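Consider how the parts of this protein are arranged relative to one another. The account below goes from domains to core to a helix pair.

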Amino acid sequence: MTAKIIDGKEIAQSVRNELRLEVDQLKQDGITPGLAVILVGDNQASKTYVANKQKACEEIGMYSVLIDYPETLSQEVLVAKIKELNEDEAIHGILVQLPLPAHIDETAIIEAISPEKDVDGFHPINIGRMMTGQDAFLPCTPYGVMVMLEHINCEIEGKHVVVVGRSNIVGKPAGQLFLNKNATVTYCHSRTKDLKAITNQADILVVAVGKRDMITSSHVKEGAIVIDVGMNRNEQGKLCGDVSFDEVKEKASYITPVPKGVGPMTITMLLKNTVKSAKKAAL
Ligand code: GUN
């Protein structure tokens with residue numbers, strides 16, 4: 001079997017087109033959805049991510065503001081800024097780009113963000129709401145994975161979903177979102193004993209490890225759907241995922257490429273969460 005490629009770039013564009021219409025409508029009602037992005041320090045990758053997030057906001061007509069601090073920023077000043085943004089009616093989403101410098105407690109910062117403006121979906125209140133199936137801001141990458149599967153009309157109920165990776169940002173919440181849709185979910189991680197035996201049972205295999213060629217064709221059941229959340233660089237500096245794409249695509253029914261797979265969906269879901277927050281503020 002040769003897999004169909006799930007085109008994340010195209011799906012992301014269609015979601016952004018819908019969002020642009022929603023933003024236009026909100027603006028006619030006197031509300032411009034606004035995102036505040038906080039960047040601390042000089043991490044080059046973070047700078048690029050933040051620039052891409054701001055550009056995406058502008059492209060759909062949203063307002064975005066970048067608050068750029070030096071590495072030496074104190075935790076107190078950062079918390080005070082977040083509290084100010086929590087009260088700012090022009091701001092519907094607050095995003096603190098991670099990682100933060102070591103002297104700042106990430107948990108305390110995430111908890112300082114109002115859960116109603118936590119468009120990353122990292123606040124424990126939103127994680128708890130997601131776990132109990134309540135309305136919540138969903139973390140952008142796993143949310144993007146679910147939207148991609150919706151676009152290919154993938155039935156999730158009753159499927160065996162194997163998630164490889166258990167990060168707080170991707171692996172753990174991804175499994176929870178599938179569980180909420182009545183899938184049977186298995187998590188694998190670095191201490192899993194026989195990875196292949198488990199991944200070979202997957203109808204849907206989600207890989208979010210951060211290790212190139214982690215998943216080869218021998219890990220994959222014929223006809224499985226393979227979602228690659230990895231973002232790595234090969235020896236030539238080219239972007240690649242966690243899955244050996246060329247061989248796995250000969251066995252899977254659907255597969256996401258890297259680049260142009262899950263990546264473009266993540267920022268799109270950040271926009272979607274911010275528009276959702278603005279709509280709530282308008283009620
Ligand atoms: N750093 C890497 N990914 C993310 C993300 O999705 N949100 C934030 N805030 N920081 C990140």
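Domain bounds here come from an automatic or database domain assignment. For this protein the assignment gives domain 1 (30-114) and domain 2 (139-263). Their centres, taken over C-alpha atoms, are 29 Å apart.

The model is predicted: local features need pLDDT of at least 70, side-chain atom pairs count only at pLDDT 80 or more, and totals for chains, interfaces and linings use all residues. Residues are numbered from 1 along each chain as its sequence is written.

A nonpolar core is a set of buried Ala, Val, Leu, Ile, Met, Phe, Trp, Tyr and Cys residues joined through C-beta atoms within 7 Å; buried means that 20 or more other C-beta atoms, placed from the backbone, lie within 10 Å of a residue's own. The largest such core has 78 residues, and those touching the most other members are Val164, Leu205, Val206, Val207, Val226, Ile227 and Leu271. Helix 10 (residues 263-282) supplies the largest share, seven residues. Helices are DSSP runs of H or I, at least four residues, numbered from the N terminus. Because both domain 1 (30-114) and domain 2 (139-263) give residues to this core, it lies between them.

Leaving aside neighbours within four places in sequence, Leu271 is in contact (C-beta atoms, placed from the backbone, within 7 Å) with Arg16, Leu19, Ala56, Cys57, Ile60 and Met62.

Where do helix 1 and helix 6 meet? Gly8, Ile11 and Val15 of helix 1 meet Val147, Met148 and His151 of helix 6. Four of the residues in this contact are nonpolar, two polar and none charged.

Terms used:
A residue is buried if 20 or more other C-beta atoms lie within 10 Å of its own, exposed if 12 or fewer, and partly exposed in between; C-beta atoms are placed from the backbone. Helices (H or I, at least four residues) and strands (E, at least two) are DSSP runs, numbered from the N terminus. Two residues are in contact if their C-beta atoms, placed from the backbone, lie within 7 Å. Ala, Val, Leu, Ile, Met, Phe, Trp, Tyr, Cys and Pro count as nonpolar, Asp, Glu, Lys and Arg as charged, and the others, Gly among them, as polar.
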